[in-house]
Amino acid sequence: MKKEHLDWATTHFNSHLQGAVELELWTIPYYMSAMYSIKDRSSEAYQLIRTVINQEMLHLQSAANIANAFGLSPTIAPPTYEKNKIPHLNLSFNPSSATEPYMNHSFDIGPLDEERVNGMCLVELPDQGTTKSELILETLIDQYSSIGAFYDALRFGASALKNDIKGGVKQVDAFSAFYRNMPNMVISESGELGFNQVNLLIDLITDQGEGKCPERVEVPAVFQNTADDIEPEIDHFEKFKQIKDSGKLPETYAVKDPCDYTAEDKKLEQILIQQFGQLTELLQALFNGDNPQNFFPVMAGVGAAITNCWKHGVTPKYSETNQL
């Protein structure tokens with residue numbers, strides 16, 4: 001192995017492991033907010049976004065399992081949201097032809113509107129093959145053009161440090177019942193065999209998310225939800241693009257200007273902040289090897305709190321520094 005490759009893995013790998021967890025966690029409130037802003041829960045858009053959120057929870061679990069297998073207990077904290085920023089991605093590295101259809105976008109928390117649909121497509125934009133150089137893989141953690149490119153780097157580092165993999169360390173498996181074709185969702189082996197499992201989880205994340213290339217490729221059967229996905233063969237990018245191309249977005253709740261919030265509105269905002277804070281604490285405990293019993297009720301409570309905000313015209317907020 002070339003010395004600069006080892007230096008990259010030793011210096012940056014843990015930051016990539018933590019970064020993967022941050023990136024997956026960031027998507028969940030962003031997508032949940034858009035989904036719960038839809039009035040008609042039977043709409044195709046609602047159902048498609050729901051399937052993506054469920055898989056993002058799986059991706060968060062997978063990223064945390066990989067981190068723990070390498071001895072890094074990931075930190076879980078409420079994300080922040082900025083109009084033009086996704087954690088660890090730099091969309092300007094993509095050719096303009098790929099991003100131009102989605103340029104009217106926002107990565108702020110908001111309802112399912114044109115800006116958010118375009119933002120969701122950009123989050124899951126297929127890898128355009130522009131970040132394969134060793135320079136990018138070795139040095140720049142916050143400069144990846146896509147989630148696929150980010151995970152290429154993570155895979156690169158995992159391969160270099162495969163001997164550090166320890167199977168069975170703080171592994172979580174909450175989704176096996178939904179993926180009957182998936183052989184394993186945890187890292188149970190060490191070394192080379194453990195790396196094969198890491199590789200499988202990275203493929204799961206990228207194949208379900210932005211797919212393998214700009215041209216549509218069906219999600220492999222091994223990674224398809226076998227329980228409750230209305231279109232299990234379609235990746236996240238294609239699901240969001242299907243919503244965008246439908247010609248008419250579903251009706252969403254009206255949004256107030258924050259300057260017009262009442263005392264009751266601000267109370268609803270604080271309830272969600274509290275609920276989501278509790279959820280992140282439970283996720284932290286879960287990925288630290290504990291077994292919190294109230295995870296799913298709290299998760300349901302977060303959804304109810306988001307819905308209650310929208311019904312009163314309040315844009316969801318997940319921490320006091322939710323948006324910058």
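# Reading pockets, a helix, cysteines and rings

User: Let's start with the largest pocket. Which helix gives the largest share of its lining?

Analyst: Helix 2 does, with nine residues in the lining of the largest pocket. Keep in mind as we go that this is a predicted model.

User: How do I read a pocket in general, and how much space lies in this one?

Analyst: Here is the general idea: rolling a probe the size of a water molecule over the atoms shows where empty space is left. In this structure, the largest pocket holds about 640 Å³ of space. It is lined by 30 residues, and N54, M57, F175, F295 and F296 are the closest to its centre. Two or more lining residues come from each of helix 1 (3-36), helix 2 (44-69), helix 9 (263-287) and helix 10 (295-311).

User: What is the make-up of that lining by class?

Analyst: The lining of the largest pocket divides into 21 nonpolar, seven polar and two charged residues.

User: And the second largest pocket: how much space lies there, and which residues are closest to its centre?

Analyst: The second largest pocket has about 330 Å³ of space. Its lining has 18 residues, with E22, W26, P79, T80 and P87 the closest to the centre. By class, this lining has ten nonpolar, four polar and four charged residues.

User: Where does closed-off space come in? How many cavities of 30 Å³ or more are there?

Analyst: A pocket is open, whereas in a cavity the probe fits but cannot get out. The count here is two cavities of 30 Å³ or more, and about 40 Å³ lies in the largest cavity. Its lining consists of E24, E56, H59, E124, I147, I205, G209 and E210, which divide into two nonpolar, two polar and four charged.

User: I205 makes me curious about helices. How should I read helix 7, and which of its residues are buried?

Analyst: In general, an α-helix has 3.6 residues a turn, so residues three or four places apart point the same way. Helix 7 covers residues 191-208, 18 residues in all, and spans 26 Å from its first C-alpha to its last, close to the 26 Å expected. Buried residues in helix 7 are G191, G194, F195, Q197, V198, L201, I202, L204, I205, T206, D207 and Q208.

User: Now the cysteines. How many disulfides are there?

Analyst: A disulfide is a covalent bond between the sulfur atoms of two cysteines. The count in this model is zero. For C259, the nearest cysteine sulfur is that of C309, 17 Å away, while the cut-off for a disulfide is 2.5 Å.

User: Are those two cysteines buried or exposed?

Analyst: C259 counts as exposed, at 71% relative accessibility. C309, in contrast, is buried, with a relative accessible area of 0%.

User: Last topic: aromatic rings. How many pairs are there, and what do they look like?

Analyst: Rings pair if their centres lie within 6.5 Å, and the angle between the planes names the arrangement. There are 13 aromatic pairs here. One of them is Y30 with Y31, a tilted pair at 5.9 Å centre to centre and 45° between the planes. Y30 is buried at 0% relative accessibility, and Y31 is buried at 0% too. Another pair, F276 and Y318, has ring centres 5.0 Å apart and planes at 70°, so it is edge-to-face. Because F276 lies in helix 9 and Y318 in the segment after helix 10, this pair ties together parts 42 residues apart in sequence. Both F276 and Y318 are buried.

How values were computed
Residues are numbered from 1 along each chain as its sequence is written. This is a predicted model: local features need pLDDT of at least 70, side-chain atom pairs count only at pLDDT 80 or more; totals for chains, interfaces and linings use all residues. Side-chain values use heavy atoms; hydrogens and water are left out. On a 1 Å grid over the protein atoms alone, a cavity is a set of points where a 1.4 Å probe fits but cannot get out, and a pocket is an open set with protein on both sides within 12 Å along at least five of seven lines; lining residues have an atom within 4 Å of a point. Grid points are joined across faces, edges and corners, and a volume is the space filled by probe spheres set on the points. Helices (H or I, at least four residues) and strands (E, at least two) are DSSP runs, numbered from the N terminus. Ala, Val, Leu, Ile, Met, Phe, Trp, Tyr, Cys and Pro count as nonpolar, Asp, Glu, Lys and Arg as charged, and the others, Gly among them, as polar. The expected span of a helix is 1.5 Å times one less than its number of residues. Buried means under 20% relative accessible area, exposed over 50%, partly exposed in between (1.4 Å probe, protein chains only). Rings of Phe, Tyr and Trp (its six-membered ring) pair if their centres lie within 6.5 Å; planes under 30 degrees apart count as stacked, over 60 as edge-to-face and the rest as tilted.
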